[in-house]
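Please read them alongside the model.

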Amino acid sequence: WWGRALLWCVLVAEWKAAWGQLRYSVPEEMPKGSFVGDVAKDLALDLPALRARGARLFDTGRTQYFVFDLQNGHLSMKERVDREEICAAVAKCVLNFEVLVKNPMNLYRGEVEILDINDNSPTFPEKNSVLEISEYTTPGTRFPLEKAQDPDIGQNTIQTYSLSDNKHFSMDMQTGPDGSKFAELVLAKALDREEAAFHELVLRASDGGEPPRTGTARIRVVVLDANDNAPVFSRAEYTVRVPEDVPVGSHLLTVNATDADDGTNSEITYSFRESTGKASSIFYIDSKTGELRIQRELDYEDDDSYELEIEAQDGAGLSTRGKILVHIDDTNDNVPEITVSSSVTDIAEDAPAGTVVALLRVRDRDSGDNGEVMVNLQGSLPFRLEKTFEDYYRVVTAEELDREAVSEYNVTVRAADGGSPSLWSSAVLSLRVLDVNDNAPVFAEARYSARVPENNAAGALLLRVRAADADW
């Protein structure tokens, strides 16, 4: 009796979600095992009780970066983290985690901000480049230079450019709309091809770290005879929108530039002026026709847009820049994911209505209607579904159970998204109903009678009675 009572107390204990928000910050590249935060202390959790109750750590992303130690309540790094690898150019790099404590169930959310350190030096796409300039170019003419790349952020990324001393050229640093710095080469003094057929320059990019890191590129300026017109794109910016399931090889758009010069000076070659390694592996631009095509499958969940900087260069070396914005539209290509965070397999038949039997998380990586998920329980069962927080649900009893009527349940949870056609998935919870003594014995007959002779022997059989009990 005491064992059944204890089991009943555990099963009907109030379930609650304590959505406490923990915030920590650590520099990137911390060694494996580095201390992140004292979760037990910050949540005022008693360590012996915590170890007895049990706790689990969930990283909300695909990769687990943290470890929760029940012996001391500390959160530590599971592996070394490179901020640039996981967050690229995002200004604030945040990794989320959740701690689930059982008996009663409590869920705590937290975030760890990965702080940037100056662990990357500026680099140029090309260490050595050639810039062809006509000897008739007017002083004051500007030439865009290759922008250096530094995956660090804030002060740790590129802050200044400098140019080696040269009487013909100076450098002017510009700031783009996004705050990035780039350099323009300015012709300070007219060129004379007969005096010097080329000039060697060194461009240096420096970040603002302590100490600062630098990167250099060598520029050879080749002096050409007159080519007084640079190509001009028909538009300064091209925009195209495509679904993420567009087939590889599909034509997206065609850019076009014209040059008022004749002959080789008007023959235009198209290329990517600047793009990330990932973008240049996804898109391809035909150098002759200017056609932009897909050469690798797109994934909206990885990137929903790309910005490509293109260049049109004529046969004599004059060039102009343009931009292509590719916007990716989501398609319904992800099935809703159902994760059973915690569940029970046994429940007493006299557990009150509202007893929690499972905690679920349902997610869909798609966006818009494709990511809107409807969750329900299949069939007519004495259970109901309750939404607790964002994408978390719990399955609770809707009424008292009766083991004598049904001793086992298979509860099917179905999640379907709002796409067309809709994608769905399901999870089955197996639940056994435990017996309590809620039935009295019942005789097979309400009244028994027998006739016996008066001279029967002692111990002679008179009659048999029979009773049954529906309990186990």
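**Salt bridges and a loop residue**

1. Arginine 361 and glutamate 98 form a salt bridge through their side chains, with an N to O distance of 3.8 Å. This pair joins distant parts of the chain: arginine 361 sits in strand S26 (residues 356–363) and glutamate 98 in strand S6 (residues 94–101), 263 residues apart. Both arginine 361 and glutamate 98 are buried. The model is predicted, and these values should be read as such.

2. The pair does not stand alone. A network of salt bridges links Glu98, Arg109, Arg361, Glu390 and Asp391. The structure as a whole holds 19 salt bridges.

3. Another salt bridge connects the side chains of arginine 83 and glutamate 84, at 3.1 Å from N to O. Arginine 83 is buried, as is glutamate 84.

4. Glutamate 386 and arginine 394 also meet in a salt bridge between their side chains, where the N to O distance is 2.9 Å.

5. Turning to the loop residue, leucine 381 is found between strand S27 (373–377) and strand S28 (383–389). Is leucine 381 buried, exposed or partly exposed? Its relative accessible area is 30%, so leucine 381 counts as partly exposed, a class that runs between the 20% and 50% cut-offs.

6. With neighbours within four places in sequence set aside, leucine 381 is in contact with Tyr409, Asn410 and Val411. From leucine 381 to glutamate 98, the C-alpha separation is 31 Å, and the two residues are 283 residues apart along the chain.

Technical notes:
Residues are numbered from 1 along each chain as its sequence is written. This is a predicted model: local features need pLDDT of at least 70, side-chain atom pairs count only at pLDDT 80 or more; totals for chains, interfaces and linings use all residues. Side-chain values use heavy atoms; hydrogens and water are left out. A salt bridge is a side-chain nitrogen of Lys or Arg within 4 Å of a carboxyl oxygen of Asp or Glu. Buried means under 20% relative accessible area, exposed over 50%, partly exposed in between (1.4 Å probe, protein chains only). Helices (H or I, at least four residues) and strands (E, at least two) are DSSP runs, numbered from the N terminus. Contact means heavy atoms within 4.5 Å.
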